[in-house]
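The entries follow in the order in which I made them.

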Amino acid sequence: MLGYTYQTEQEAINARQQCADYKGLPVPNGTSIYWVDYSYSQSDNFYYIIYDEGVEVLLGEPITFKITIPEMIWKNYYF
């Protein structure tokens, strides 16, 4: 996965807000609140934001990282 990792939720929240502020979000009567959002990988114990074109201006160069998806989640999908 390409993006950004954070050790604390507050760091992820700050990065998300930085991106929203840069884009002028939220817009009155708009549907988008944030440009990007963060997720938490419980198995890996870190927060992350998936890369979106343009955020490197604010967040720096993205990194490649892996997240662990628990087996029970995979069992709910049919391929």
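**Entry 1: a glycine after a helix.** I note that the model is a predicted one. I began at glycine 24, which lies just after H1 and takes a positive phi of about 75°.

**Entry 2: helix H1.** I then turned to the helix itself, which covers residues 9–23. H1 has 15 residues, and from its first C-alpha to its last I read 21 Å, close to the 21 Å expected at 1.5 Å a residue. I listed its buried residues as Ala12, Ala15, Arg16, Cys19 and Ala20. Viewed down the axis of H1, these buried residues fall within an arc of 135°, so they line one face of the helix. I next looked up what covers them, and found that the cover includes E1, strand E2 (38–41), E3 and H2.

**Entry 3: arginine 16.** Is arginine 16 buried or exposed? Its relative accessibility is 13%, and because buried means under 20%, I record arginine 16 as buried. Setting aside residues up to four places away in sequence, I find arginine 16 touching Tyr34, Val36, Asp37, Tyr38 and Ile49.

**Entry 4: the sheet.** I traced an open sheet of four strands in the order E2-E3-E1-E4, with antiparallel pairing. Its edge strands are E2 and strand E4 (63–64), each of which pairs on one side only. E1 and E4 run antiparallel and are joined by two bridges. In this region I see glycine 3 standing opposite isoleucine 63 in E4. I also record that H1 packs on the sheet, where it touches E1, E2 and E3, and that the direction of H1 makes about 20° with that of E3.

**Entry 5: leucine 59.** Leaving out neighbours within four places in sequence, I list its contacts as Tyr4, Tyr6, Ala15, Gln18 and Cys19. Among these, Ala15 and Cys19 also stand in my list of buried residues of H1.

Conventions: Residues are numbered from 1 along each chain as its sequence is written. This is a predicted model: local features need pLDDT of at least 70, side-chain atom pairs count only at pLDDT 80 or more; totals for chains, interfaces and linings use all residues. Side-chain values use heavy atoms; hydrogens and water are left out. Buried means under 20% relative accessible area, exposed over 50%, partly exposed in between (1.4 Å probe, protein chains only). Contact means heavy atoms within 4.5 Å. The expected span of a helix is 1.5 Å times one less than its number of residues. The arc is that of the directions from the helix axis to the C-beta atoms. Two strands pair if DSSP finds at least two bridges between them. Axes are lines fitted to C-alpha atoms, for helices over the stretch in contact, and angles run from 0 to 180 degrees between N-to-C directions.
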